[in-house]
Amino acid sequence: MNIASVIVDVPAKQTDRAFDYKIPSHLKGVIFPGMRVVVPFGPRKIQGFVTGLKEESDFQQLKSILEPMDLNPVLNQELLNLGEWLTEKTLCYKISAFQAMLPAALKARYEKKLVMAENANHKLLPEKVCALFQNADEITWDDAVKGGALPLLQKEATNGNIDIIYQVKERVKKKKVKQVFAAAPPKELADYLQNLPGNATKQKEVLEYFLQEEGPVDQKELFSLLGITSSTLKGLLQKGLLGQKDVEIYRNPFGDREFERTEPLSLTDGQRKAIIPILDSIEDSRHETFLLYGVTGSGKTEVYLQSIQRVLEDGKEAIVLVPEISLTPQMVKRFKGRFGDQVAVMHSGLSAGEKYDEWRKVQRKEVKVVVGARSAIFAPFENLGIIIIDEEHETSYKQEENPRYHARDVAIKRAENHKCPVVLGSATPSLESFARAQKGVYHLLTLENRMNNQALPAVDIIDMREELREGNRSMFSRKLLEKIKDRLVKKEQIVLFLNKRGHSSFVMCRDCGYVINCPHCDISLTYHRYNQQMKCHYCGYEASVPNACPECESEHIRYFGTGTQKVEEELAKILPEAKVIRMDVDTTSRKGAHEKLLDQFQEGHADILLGTQMIAKGLDFPNITLVGVLSADTMLHLPDFRSSEKTFQLLTQVSGRAGRHELEGEVIIQTYTPEHYSIELAGEQDYDKFYDREMMVRKIHRYPPFFYISLVTVSHEELMKAVSVTEKITQYIQSKLSAESIVLGPVASPIPRINNRYRYQCLIKYKREPELGQTLKKILDNYQQEISSGGLTVSIDLNPYILM
């Protein structure tokens, strides 16, 4: 093939198509689809992705590819096709779709080197290759290109004799350790030892060590073992008795952890009933989407583990998605315990280097299972046998910037290609998924009972308005306080949950009611107690709390709202004997802190675990018998049609942390709106009733799952410009849609200004509009000029989860 089609790294309308490049003669047989290449584009050299090869082009004067950036493709054919599909589905540029599938290390700027692989067989290598590596352990990519040895090197890379290293400008290198080995035969070492003078005791120890031990040893280990320094080694290295080499090791995020191996548990009747259809679909290599709906603590994870076991026995691979960071420490234990080193883990808590290493393990087929957050859905497996999405209702599975994909849609698309099942698991499925299961689009599997037939915890709903009327002004109702004291006496553990979404601490004047807002955004500043600063969570503006009100100069200016720190201080006042672990953004921002805190709690170093969102899910500790929700209704008042659903899901999930083992659990929910159905029904833990009630509301107001929705958001520094563009877009969309679709807008966004840019939006509700994608794409194309000059932004979300 003489010509490569390349998608170049310029995210713009004009360049969102493949460009033809000539493959120069020295690169023939070296370039393959899915590789990254460097190509000339205008005056610059840029990166591109090869999407296909062909014999001829419609264009006469073609530029040539300058050089490949990979020896093996980084995207396989399936992922290339998936990129095309993502482009259509989310209206993003092809280049953005391809980059979303790769670890950050491969998107940065780079220099590349070639090294001999660990296990390379030097005798079988061509002379030319040996000559290149004669005086050096590694050669630069440029030297290889200049020496014309690329095709040879490529062949050796395929045979596993040569490795390529991307030295990325952000320096994601492969991690190395120095090893020392005996370079001379044992007889020579022994002779030298005999002739050493009596005072060279350290050198003697080193030689005796290498006469007894065969293989190489880490230099660090040798130093600590024999108590020597590098000067001792220096003489022996110079005389050629010992040698030194750098050896690559993977950065292992769990390096200091031993995972106890676990055996499959025997399944309950419910679990067996649920797993049979999944195993059948694996058996028949048939694509099917299952919704595994099981109450909290019903043993969904065991069903996942045994389904994966089956897939691995067939020699296939598995992807397991879990919501961001919250589930990983315990989840990782479960998967690594069952499948050991066959598991790679990908989530945002890892450094760029660790992520790159985990991705490479998948690419080199060294692992069979990936456990990770949203982006792990793009793991480059070639023989998938199952995809599992745990807590499928979580909104973090939707990406909020381009490409705006939902991991569930990508999972179903990949599973169709691989003819394998997708399992969506949740105790509180999203309404869309449950509705699809009711209609038979998904296959519904139900786990009605907890593992050991424990009852779900008893739930009490406390009306905080009553507490106020009766003179209790603290943030703890009398009943909750009484129960906490009771648990402290019994030495049982307690989880206190603070629902912070949509409810932050702000600074307000008690005399005139003035609230301090961000000067660049129309939203109040959030008060951070640990550094006494106010911060805007949208544009990053920071300020100190004023001593007097800027409006009326009163000194009665203070913050309102309940933060975790404030709760912690209150607890210390009322219950000085209780030991509290606090988990929030501030205490878990350091790497590994999340896990450390949970381990301390598990080992019983604290009585109370106090936290926000991150403690609501997936935790499973035998000694928790009381869960207190301090503020249940903060999310209900957000401008979001899913707010009732999110409140119900969160309360049910949190309640599910109590009484999961032998001891019985109890839950107390404090609220100012106890009559709201999402809170009442979370108290009864009755998903089916909630589903019926919420579906009625959605039908009346024409929201998903009855209607699809799409959101167009326009922003500009001038208010009138934002309004007029949104008006034009709204009119254009209306002219193109059928009568039963509804277009709401133009209207100011719920947060009308962020970073000095005014925001307007229009919301489209529709049932069947096959042309809508084209219409919206035309709008983006039409405003392309103004968008690229930086003044205007038009963003389109075909399935929005955040309407702010």
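Reply: Rings of Phe, Tyr and Trp (its six-membered ring) are taken to pair if their centres lie within 6.5 Å, with planes under 30 degrees apart called stacked, those over 60 edge-to-face and the rest tilted. By this rule there are 15 aromatic pairs. One of them joins Phe 648 and Phe 690, which are stacked at 4.3 Å centre to centre with 0° between the planes. This pair links distant parts of the chain, since Phe 648 belongs to helix α20 (residues 643–655) and Phe 690 to helix α22 (residues 687–701), 42 residues apart; helices here are DSSP runs of H or I with at least four residues, numbered from the N terminus. The model is predicted, so local features need pLDDT of at least 70 and side-chain atom pairs count only at pLDDT 80 or more, while totals for chains, interfaces and linings use all residues. Residues are numbered from 1 along each chain as its sequence is written, and side-chain values use heavy atoms, with hydrogens and water left out.

Phe 648 counts as buried because its relative accessibility is 0%, and Phe 690 is likewise buried, with a relative accessible area of 1%, where buried means under 20% relative accessible area with a 1.4 Å probe and protein chains only. Both rings belong to one aromatic cluster, formed by Tyr 293, Phe 434, Phe 648, Tyr 677, Tyr 687, Phe 690 and Tyr 691.

Conventions
Helix = DSSP H or I, 4+ residues; strand = E, 2+ residues; numbered from the N terminus. Buried < 20%, exposed > 50% of the residue type's maximum accessible area, 1.4 Å probe, protein only.
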